[in-house]
Amino acid sequence: MSVTPFIVLSAILFTIGAVGVLTRRNAIVVFMCVELMLNASNLALITFAKANGNLDGQIAAFFVMVVAAAEVVVGLAIIMTIFRTRRSASVDDASLLKY
Amino acid sequence: MISTAIDVLAAEGGHSIPLVEPTSAGSLALPLVLVIALPAVGAAILLLGGRRTDAWGHLLGTAAVVGSFVCSLWLFLGLLGRGEEERQLGLDLWTWFATGRWEVKLGLLYDPLSALFLLLITGVGALIHVYSIGYMEHDVRRRRFFGYLNLFVAAMLVLVLSSDYVGVFLGWEGVGLASYLLIGFWQHKPSAAAASKKAFVINRVGDIGLSLGVGLMLVTFGTTSFDEVSALTSGASAGVMTAIGLLLLLAACGKSAQFPLQSWLLDAMEGPTPVSALIHAATMVTAGVYLIVRSQFVFEYSDTARLAVAVIGTITLLMGAWIGCAKDDIKKTLAGSTMSQIGYMVLASGLGVAGYAFAIFHLLTHGAFKANMFLGAGSVMHGTDDDVDMRHYGALQKAMPVTFLTFAMGYLAIIGFPGFSGFWSKDKIIETALAESPVLGVCALLGAGVTGFYMTRLMLMTFFGPKRWEPGVHPHESPKVMTFPLVALAALSVLGGLLLLNDWIVTFLAPVTGEAEEHHLPVPPILISALVVLVVALGVALAFVLFGRREVPREAPTEVSFLTRAGRNELYGNEVNDTLVVGPGKQLTAGLATFDRAVVDGGAMGTAASIGGLSQALRRAQNGFVRSYALSLLAGAALVLLALVVVNLA
Amino acid sequence: MTLPWLTILLLLPILGSVVVALLPARLGGPLPKLVGLGFSVLTLVLAIGIAVAYQPGTGLQFAEEVTWIDLFGAHYALGLDGIGLTLVLLTVILTPIVMLASWEDGETGRWGAKGLFAWMLALEGLSIGVFAATDVFLFYVFFEATLIPVYFMVAGYGGPRRVQAAVKFLLYSLAGGLVMLASVIGLYVVSADSEGGPTYLVSELAQLDIGTAAGRWMFVGFFIAFAIKAPMFPVHTWLPDTTEQATPGTSVLLVSVLDKIGTFGMIRFCLEIFPEASRWATPVVIVLAVFSILYGALMAIGSQNISRLIAYTSVSHFGFIVLGIFVMNSQGLAGANLYMFNHGLSTAALFLVTGYLISRRGSARIEDFGGVEKVAPVLAGLMLVAGLSSLALPGLSPFVSELLVMVGAFVYSPWVAAFAVLGIVLAAIYVLWLYQRTMTGPVHEGVAGMRDLGLREIGALAPLVALIVALGFYPQPLLDVINPAVDHTMSQVEKSDPRPTVTEGEAQE
Amino acid sequence: MIAFWILAPVMVVCALGLLFARKAVHCALLLAVVMISLAVLYAVQDAPFLFAIQIIVYTGAILMLFLFVLMLVGVDASDSVVETIRGQRALATIVGLLFGVTLVVGIAQVSVGTVVGLDEANAEGNVIGIARVLFTKYVFAFEVTSALLITAALGAMVLAHRERLTPKLGQAEVAAQRMRDYAEHGKHLGPLPSPGVFARHNAVDTPALLPDGSVAESSISRVLAARGSVNSAPGSARQVQRLGGGDQDVPERDDSSDAGGAGR
C-alpha cells in the first residue's frame, strides 16, 4: 500500500482549508477551516507514522488534537466575546488593529 | 653645486664651524636653575594666588626678576672665570619624553650666547618690571599683569637656555602665550582681544616651521638636541640643510615679525606699553634672531638658506622703515622701527659667520635703546592720558624733561649718532653687508637713512614745535619709579658700544658663532662709517625740513602720496592676508558647514529618511484585515515550497 | 591563587551602579550621589593600585582567561598592556571628576541624579571591560554594551532634542557594530578552519595566518566600526549633534572615554590581527585622517555653538590619533597612545568648563556671550587653560603627543606632515577665536552678573588641570608604559623605524 | 485502499462545500463528514486509538462546540457573498492553487521509500503502544499539555465571563420600576398576555387575539418575532373562523406586515 495518495489527500484538504481561511468571512467558518487544516496535517502525521513504522507520528497527531481542542475552546470564547460586543461574527469587522 | 662650494670651503680650511659640546655646569647649576625657577614660581604664585596676592603681587613679581638678574650676573661672572674651551655649560634636568630612538631631554645650555641673552632679558626685564609698578598703578588687575610678565620672563629664559629644539619650542610657545595674554591684557577692548589672537595665530604659522623642522631633524639625524645635531650636520646633504634652514627661518619670521609674517607686530601695540617695550621690542621678537644664530651649524651648510635669511631681513628692514615714516601713532612708529631693526639683525645673521656676532650685538643695543624709547613713549602716554597720536603732542620737552632727555639718548642711539651704541652695532652690520653682498649692503644703508628720517620726525612731532595737546590734557613728568628705568636704559643706550671695545663681543661669542676671517673691503672702514653717518644726516635733515620748520597739522592730511598711504596701511599686509587667506578661509569654512550639513549629515539622515518613508509606505500593508495577513502568510509558504521543489527538481 | 583584579575592577563600578539604582527613593538627598562618587573613587584607588603594581615592559599583565563559549572559541579573557592601562586609568580618573562636575546636572533629568550616576558607573565598568578585554568576542560584547548607558545618559539628560540625538548616536554606533559583527563572525570562520580550532583570543588570532583577501575584508569591517566610534570624517556627524544635546558630563565620558574605544580598537585589532591589511589600507586611512584633522578644525572654526565646536575639535584631534596609529612608527604610535590619554584630559576640561559656562547662561550659542572674563575671571582662566591644552601648547600635556604624532607623520612622509601641521594653526584659530568671542570684549548683557565658579566646580577641574600641566612636563611615566606596547605593535605589523639618514660615522669634521 | 478511494472524493467534495456553503451550520455538518471520514482513514492506517479519539474529541466535542456557538450566534444567518477586500478572493484562489499544486507536485517527487507498517509497533495493541511512548518519551510534553488544557479552560471562562455593570435588581426594585413606568409612560402594569391558545394551535409562536379579533403583539416572544417565525395571527383567525362557521367579522390584515410588525 502506497502512502502517497494519503499525503496527496492531506495536501488537498490542507489547501482547501487554507483557501477557506482566506475567503470566508464568518469567523466560525474560518475557524472550521483552520480545523480542517489541522486535521489534514493529522492525516499526514498518521500516514507517516505508518510509513516509518513507529508511533511517534500518532503521538504527534494526538498532541495536535489536544492543542486543537484547547484552541477551539479559547477561540470560540473569543468569537463569542467579539460577537457580544460587535453583534457580528465577520473577521473583517475586527480590523481596528492597523496602521 | 652648493654642496661642492661647501666642500671647497671646508677643504680650504676656511673657518671651522663650532660644535655645541657642553661641559658640566658644576657649581653654576644652582643659579642656572634658579634663573628660570624664580620668575616661574613668581608667576605661579601670582596667577594661582588670586586676590590674596593683590597687595604685594607687583613687588613679588619684580623681586623674582631682579633675583633672576642677580643669578644671571652670577652665571656671567662664573662663565668669564672659565677658560675659553669650557664656556659651554650643560645641565640635563630630566628626560622629557622618549620614544623609539628619539629622546628629548629637558636640558639647559649656558654658553656666551645664552649669557648675553640672559643679561638682556633679566636686566631689561627687571627695569621694565620696576617701570610697570608705576605704569600699571591704577589698573585693578596689576597683580595679574605682573604674573604674566613673570611668566614671560620664565618662558623667554627657557627659550634661550634650552639645549634641544623641542625645549626651545617650549619656551617659544611660552613667550607666545605670554605675549598673547599681555597684548590682550585690556581684553575688554575688542581691538586688543583681536590683536592678541592675531599675534598668536600668526606665530602659530611660524611654528609650522619649527614643528616640521624638528621632524626633518629627527628623520635626518635621529635627534634634536643642539650638541648632537651640531655634530652631525656636516654629514647631511645641502638640500636637507637648506630645507631645515628654511623651516627654521619660517619660525623666526613668525616670532620676529619678519616678512611675510610681519602684520601682527603693529597690532600688538594694543598691549600696555611696558609689554611693547619688553616683549615686542627688546626680547621676544628677537627670538627669531636667536634661533638663527643658535642654529649656525645648520645655516653654515646652506648658502641658499643663509641668502634667504639675508633677503628676508633686508625686505623687512625696508618695510619697517617705510611704515615707521607714515604712522602717526607713536607706538606703531616705534613698532615699525622695531621691525626694521630686527630686519637688520636678521640680515646680519644671514650674512653668516661674519655677521652673527654683530646681529647679537645689535640685538643687545637695540634691546636697550628701543626699550628705553618704548618706555619713554609710555611715559609720554602716561602724561597725556593715554593718547598715542603724535599729532596731539608737541613741545613736551619742557613738560617732561627726564623723559625727553632719556628718549633723546635712545634716539641718538637708533639713528646711529657716532659714539652712541646704535652707531657701533648698525655700522658693523652695514659694513659687513657691503662686504658680503653689495646689493643688500646698499639697502641696509638706505634703511639707515630712512631710520634717521622717521626717528627725527617722531622726535620733532613729540617733543618740539608748538603745543597741539588735546583740551584738558596737562602733560606731566612720570613718577620716579618710572623714570629710574628710563635713566638706566638711557645709560645703556649711550654706553652699549663699549661691548665692541677691543672686539670683545666678537671674541666672546666666537665659541658659539665661529671666528670670521677678515673680510676684504674695497675701501677703509672709516670711509664706510662716514658714509653711513652722511646718509643718516641726510635723513635727519630731510625730516627737519619737512617737520621741524613747518606746522604739523593736528589732523592727519588725507591728500597724501601713495608712499604715505601704503605706509599708513602697513604696506597692505593685512589686506593681503585678508584676500589670500582670511577671506577664502571664511568662505571655505562656510562652504564646509553647508557641505557637512547637506552632504555628509544629509547623506546619513537622507538614508534614515528614505527608510522612514519606505516604512510609511509599507505600513499601508498593515490594513487590519486578518485575511490579508493570512494571504501573505500563505503566499510566503507557497514561495518557500516552490523554492524547495525547484531546488529539488533542479 | 591571585585575585582576579581586573574582574574586580570591572565589577566594582557595575556593583556601584546597581547599588545606586536600588537605593530607595525616600533616602533621597545627596546620598545616591555620594554613594556613586564613593564607588568611583574606590575604583580609582583600585586602578591606581593596579597601575603601581604594573611592571612596564613585560607584556600582558593581570591576565585572566576562562573559556566562555567553547563552540565559538570565546573566552572571558582580560589583561592589560600599556595601551589598555593608560585608557583604563583615563576612565577611572575621569569618572569621579565628571560626577563631581555634574553634581546638579542630573536633577532635572528623566531619571534624576540617581539614574545619571548609576548609568555613569555602569559605563565606567563596561569601558574598563572594553579596554581590558583580550578576546575579540568579549570585546564585542562590551563594545556594544557601552551603548546602553550612553543611550540613556543622552536620552534622559540634556537639551530639548536629546532623544533624537540619542537615537542618532545609537543608530550610528549600532550600524558600525553590525559591520564589525560580520568581521567578528568572519574571524570565527577563519580560526575554525585553522589547526587549533575556533578561538577569539587576540594573542592566538594574531598568530593566525589569515588570507589576504579575507583579512582585508575583515579589516574593513573592524575599521568602519572604529572610524564611526572615533569618529572620523565622513561618519562624524553624530558627535556634534549628540554633544550639543547631552550634558557636559555625558559629553566628557562620550568623547574622552567612549570614543577612545575606536582608536584603541584600531591599534589592538586592526593593526595586531590584520597587519597585512593595515599596511594595505594605510594610504587611504592616512588621507582620511589628515582630512579629518583639517575638516574638523575648519568646521570648529565655523561653529556657532560651543558644544558643537568642541565636538568638531575632537574630530580634528581624532584625526591626529588615527594618523599617528597608521604611520606605524614608534613616534606616531606612542604619540597616538599618549594623545588618547591627553585628549581625554583636555577635552574633558574643555567640556566641563564650557558646561559651567553654558549652564550659567542657558545658551550654548557663541553670540550670546561676551566679556565673561570681566565677571567670572576664574572661569575664563580655566577655559583658557583648557583651550590652550586643546591647541597643544607646549608645557601642557597634549603638546608632547601632538608633536610625536606630527614627527611620526613626518617620518612617514613629509607631505602628510605638511598638511597635518596646518591643523595646529587652525587649532589656534578655533580656540582663541572662541575665547575672544565669549570671554573678551564688552560684557554682553546676558552674562552680566554671572557667578564665578564655586568650590565644587573648581575642585572638579583642578585635578584635570594639574594632570595636564604635570604630564606636559613629565609624560615619561606614561610613555614608559606605552613604549613596550608600541614595540609589540610594531613587531606585529612588521614595521621598524627608519634609520636616520645621517649617523655618527658619516659626519665629517 | 478501497475505503480510501471511496472516502477521498467524498472528503474533497465536502471540504469544497466548506468553501461555498452560505450557511455556517451547513459548513459544520460538512466538516463533520470530513472528520468522520478521516477517522475511518485513521483506522485504515492502523491507528484505532486515534480513530476513537477523532470521533470522540473532534466530531463529538469540538464540532458540537461549534454548533453550540452557532446556535448562540444565530443558526440561519447566512454570509454575504460580496467580497469586501479588493482582489482578496482572486488572489486567494491563485495563491491557494499555486500552493496546492506545488505541494502535490512536491509530494509526487518525493519517494517515501518502503512502507514499514505498524505491525511491529502495534504488536501489543495500538493503545498500549501509544501509552508506552506517551508516558515515557513524551511524558513531559504530556504533562505540559495538562497545563495547556487548564489554561485554555480558565481562559475560556475569563473570556466568557460578563462583568456586571449595574447592580442586580431585587424584587422590590423591579416592582417600583414597573409602577414608575406605569405612572410615566402608561405601560401595562400586569403580566404580559399569554400567546394564543386555540384548539389547533397550542403554541408559543401563535399570537393571542384580542376580543375584537386583532392581534395582541405583546403575547409572543420578541425573539420569535425577530426571527420571523411567528405564525400569522390573522391567518389563524381565519382558520378559526372557517372552523367555527364564519359569523364573526375579522378585519383583513396584510400577512406580510403582520409577520414583521408582530415584534413591538
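I started with chain D, where buried residues make up 24% of the 264 residues. A reminder to myself: this is a predicted model.

**Chain D, overall**

I looked up the secondary structure next, and chain D comes to 10 helices and 2 strands. Reading along the sequence, I noted the pattern α-α-α-α-α-α-α-β-β-α-α-α. I then took the contacts in chain D between residues at least 6 apart in sequence, and 53% of them join residues at least 24 apart.

**Where chain D meets chain A**

How many residues does each chain bring to the contact? I found 67 residues from chain D and 60 residues from chain A. On the chain D side, the elements that each supply at least two residues are helix H1 (2-20), helix H2 (24-44), helix H3 (48-73), helix H4 (88-109), helix H5 (126-134) and helix H6 (139-160). H3(D) gives the largest share of that side, with 12 residues.

**Cis peptide bonds**

I checked omega and wrote down two cases. In chain B, Phe259(B) and Pro260(B) are joined by a cis peptide bond, with omega about 5 degrees. Pro260(B) sits in the loop between helix H9 (238-255) and helix H10 (263-267) of chain B. In chain C, the bond from Ala230(C) to Pro231(C) is cis, and here omega is near -15 degrees. I placed Pro231(C) in the loop between helix H9 (212-229) and helix H10 (238-245) of chain C.

Is Ala257(B) buried or exposed? I counted 29 other C-beta atoms within 10 Å, and the cut-off for buried is 20 or more, so Ala257(B) is buried.

Glu494(C) went into the notebook as well, with a positive phi of about 55 degrees although it is not a glycine. Where is Glu494(C) found? I located Glu494(C) in the segment after helix H22 (476-492) of chain C. Around Glu494(C) there are 10 other C-beta atoms within 10 Å, and 12 or fewer counts as exposed, so Glu494(C) is exposed.

Definitions and conventions
Residues are numbered from 1 along each chain as its sequence is written. Chains are lettered from A and ligands numbered from 1 in the order in which they are written. This is a predicted model: local features need pLDDT of at least 70, side-chain atom pairs count only at pLDDT 80 or more; totals for chains, interfaces and linings use all residues. Two residues are in contact if their C-beta atoms, placed from the backbone, lie within 7 Å. Helices (H or I, at least four residues) and strands (E, at least two) are DSSP runs, numbered from the N terminus.
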